[in-house]
Amino acid sequence: MEALRKSLLTFVIVAVMIQKTAMAAQHVVGGSQGWDESTDFNSWSSGQTFKVGDTLAFRYSPTLHSVVELEGEGSYKSCDISSTVNSMSTGNDVVKLNKAGTRYFACGTAGHCDQGMKLKITTVTDSAPSNQAASSTPTSSSAASLRFCTPFFAFIAAILTIQMALVFLL
Ligand SMILES: [Cu+2]
């Protein structure tokens, strides 16, 4: 009985982890080139869709670079890194995109921002793509899959919760 309980509990934990990773994407900034002066961040970000709940991963050599979050468009354009919202320097920094809106990042090393080491990203809510449906058919396939996604995982979570409760009662 103890073995059964442990295996079921493991299954529940793994299922919950899969559910979380399936719903949120991690964007490695700059792709395989990473956070570096040579990377074209405008072209990288234009190929990505940033959704609320996703994360950004800045990967770089901490002896060369760092990451600072800038206050706004003005500091981004002029590369003013004197007053920042947040700064990170581990070499593998993860930033959670917890709400919709535009955020600005740059390297904190002197001169790197001017060399193009800066990033502007706009996070959208998960329901935003359904706006595109207005120009074509009422229900686009992507909007339909998004609507399906959330109730489906809520259902799975409910089943797993009941199952876990039963396991502890046995
Ligand atoms: Cu740098």
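Student: Leaving aside its neighbours within four places in sequence, which residues is Phe105 in contact with?

Tutor: Remember that this is a predicted model. In it, Phe105 is in contact with Val67, Val68, Glu69, Leu70, Lys118 and Leu119, once neighbours within four places in sequence are set aside.

Student: Which residues have the most contacts inside the largest nonpolar core?

Tutor: Phe105 is one of them.

Student: Let me take β3. How do its side chains point?

Tutor: General idea first. Side chains in a regular strand alternate between the two faces of the sheet. Now the case here. Leu56 and Phe58 point to one face of β3 and are buried.

Student: In what order do the three strands of the open sheet come?

Tutor: Strands of a sheet pair through backbone hydrogen bonds, either parallel or antiparallel. Here the order is β1-β3-β6, and the pairing is mixed. The twist from one strand to the next averages 20°.

Student: Why is one side of β1 and of β6 left without a neighbour in the sheet?

Tutor: Both β1 (26-28) and β6 (92-96) stand at the edges. Each has a single partner strand, so one side of each has no neighbour in the sheet.

Student: How many bridges join β1 to β3, and do they run parallel or antiparallel?

Tutor: Three bridges join them, and the two strands run parallel. To find the spot, go to Gln26, which stands opposite Thr55 in β3.

Student: How many bridges join β3 to β6?

Tutor: Five, and these strands run antiparallel. Check two positions. Phe58 has Asp93 in β6 as its bridge partner. Arg59 stands opposite Asn92 in β6.

Student: One last feature. What is phi of Cys79 near?

Tutor: Again, the general idea. Most residues other than glycine have a negative phi. Cys79 has a positive value, near 55°.

Student: Where is Cys79 found?

Tutor: In the loop between α3 (73-78) and β5 (84-88).

Student: Why is Cys79 called partly exposed?

Tutor: Count the neighbours. Cys79 has 17 other C-beta atoms within 10 Å. A buried residue needs 20 or more, and an exposed one has 12 or fewer, so Cys79 counts as partly exposed.

Technical notes: Residues numbered from 1 in each chain as written. Predicted model: local features only at pLDDT ≥ 70, side-chain atom pairs only at ≥ 80, totals over all residues. Helix = DSSP H or I, 4+ residues; strand = E, 2+ residues; numbered from the N terminus. Core = buried A, V, L, I, M, F, W, Y, C linked by C-beta atoms within 7 Å. Contact = placed C-beta atoms within 7 Å. Pairing = 2+ DSSP bridges. Axes fitted to C-alpha atoms, helices over the stretch in contact; angles between N-to-C directions.
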